[in-house]
Amino acid sequence: MTEVNEHTAHFGTVLRVLGEPTRFKICQLLLERHHCSRSISRTLGISESAVSQHMSVLKDAGLVTYFRHGYHVHYVLAIDEFRDMVTQLNGWIERMDAILDCHEYNPCQFRLDDGSDGCLNRSARPKTKPTAKKEKRTMRLAIPSETDEMLESVRSGHFGHTPYFTIVTFDDDKNIVGTEAVKNVDHDQYGCGGVIQFVQTLGVDGILTIGMGTPPLQAFTRSGVTVYSETQTPKVGDVAKLFAEGKVNVMDPSAACRH
């Protein structure tokens, strides 16, 4: 029997938390963008106190994080927790594949009253030994953008004042496998520090800019977000292709803006 360790027990807690319909709807809402309690309350038609209680449970389970936007707290999904869920589920699938494979080559001796064996339905078993699949890792890259048109958008010249971030996801082979547009927070109100904090909540591995000052460059580097720079290509889709081809470099600190 599989040992129920602390990590496995936490996974069970996460599933129970998501099993509550309202909390599941809140997570679906946060897939679109960050929301404050008032926005969630109005969208789902529940009281702000109810939202607060649900958010407390989601935070305790590690499923959401937050940042301050003026007087309001805005919530975002904790992408690392959801990645861990996928890893756990993939582990279950691998174990089920192994059980099917084991039975195919070492038939179970346990018999039911009708004479059939007690394992899984034979019709569902693979006819050939399953081939192990190589798990592909993805990389998420944020590109400051003027519009929400994603790859069709023009790049923004200032990461802090950018209206949107286009999040481009690459697989191991540097193929683009996903894009999304995320609206930026208000730089005029919260400054570069607020934007940096917001970008960190998006679960990106890197940010590709035209220019950036030394303080935000250092802040991103400390948080594990790699800063890339390319100054000649105006369109998001074109610079994403250059990145995939290995033609975009990590930003040289000496090239940081002095402002």
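**Strand pairing, burial and side-chain contacts in the predicted model**

Strand 7 and strand 8 (residues 226–229) pair in the parallel sense over 4 bridges, where two strands are taken to pair if DSSP finds at least two bridges between them. Within this pairing, I207 stands opposite V227 in strand 8. The model is predicted: local features need pLDDT of at least 70 and side-chain atom pairs count only at pLDDT 80 or more, while totals for chains, interfaces and linings use all residues. Residues are numbered from 1 along each chain as its sequence is written, and side-chain values use heavy atoms, with hydrogens and water left out.

The chain contains 8 helices and 9 strands; helices (H or I, at least four residues) and strands (E, at least two) are DSSP runs, numbered from the N terminus. The mean pLDDT of the chain is 81, and 80% of the residues score at least 70; pLDDT is the predictor's confidence in each residue, from 0 to 100. Confidence is highest in helix 8 (residues 236–244), with a mean of 95, and lowest in helix 5 (residues 79–105), with a mean of 73. Over residues 120–129 the pLDDT is below 50, and in the model this stretch has 17 contacts beyond near neighbours in sequence. A contact means heavy atoms within 4.5 Å. Where pLDDT is low, the predicted coordinates should not be read in detail.

Of the contacts in the chain with a separation of 6 or more, 53% are between residues 24 or more positions apart. Of the 259 residues of the chain, 37% count as buried. Buried means under 20% relative accessible area, exposed over 50%, and partly exposed in between (1.4 Å probe, protein chains only).

Strands of a sheet pair through backbone hydrogen bonds, either parallel or antiparallel. Strand 4 is joined to strand 7 (residues 206–209) by 2 bridges, and these strands run parallel; here L141 stands opposite G206. With strand 5 (residues 164–170), strand 4 pairs in the antiparallel sense over 7 bridges, and P144 stands opposite F165 in strand 5.

Strand 4 (residues 139–145) is largely enclosed by the rest of the structure, because 7 of its 7 residues are buried. In a regular strand the side chains alternate between the two faces of the sheet. In strand 4, M139, L141, I143 and S145 point one way, whereas R140, A142 and P144 point the other way, and all are buried.

The count of salt bridges comes to 6, a salt bridge being a side-chain nitrogen of Lys or Arg within 4 Å of a carboxyl oxygen of Asp or Glu. One of them is formed by R155 and E230, whose closest N and O atoms are 2.9 Å apart. This pair links distant parts of the chain, with R155 in the loop between strand 4 and strand 5 and E230 in the loop between strand 8 and helix 8, 75 residues apart. Both R155 and E230 are buried.

Another salt bridge joins R38 to E48, with the closest N and O atoms 3.7 Å apart. R38 lies in helix 3 (residues 37–44) and E48 in helix 4 (residues 48–60), so the pair ties together parts that are 10 residues apart in sequence. R38 counts as partly exposed because its relative accessibility is 38%, and E48 is likewise partly exposed at 38%. K247 forms a salt bridge with E245, the closest N and O atoms lying 3.2 Å apart. With a relative accessible area of 55%, K247 is exposed.

H35 is placed in strand 1 (residues 35–36) and is buried, with a relative accessible area of 4%. The side chain of H35 makes a polar contact with the side chain of S39 at 2.6 Å. A polar contact is a pair of N or O atoms within 3.5 Å; within protein, one must be able to donate a hydrogen and the other to accept it, and residues adjacent in sequence count only if both atoms are side-chain atoms. Not counting residues up to four places away in sequence, H35 touches L29, L30, I40, V73, H74 and Y75.

The structure holds 0 disulfides, a disulfide being a pair of cysteine sulfur atoms within 2.5 Å. C27 is buried, with a relative accessible area of 6%, and C36 counts as buried at 12% relative accessibility.
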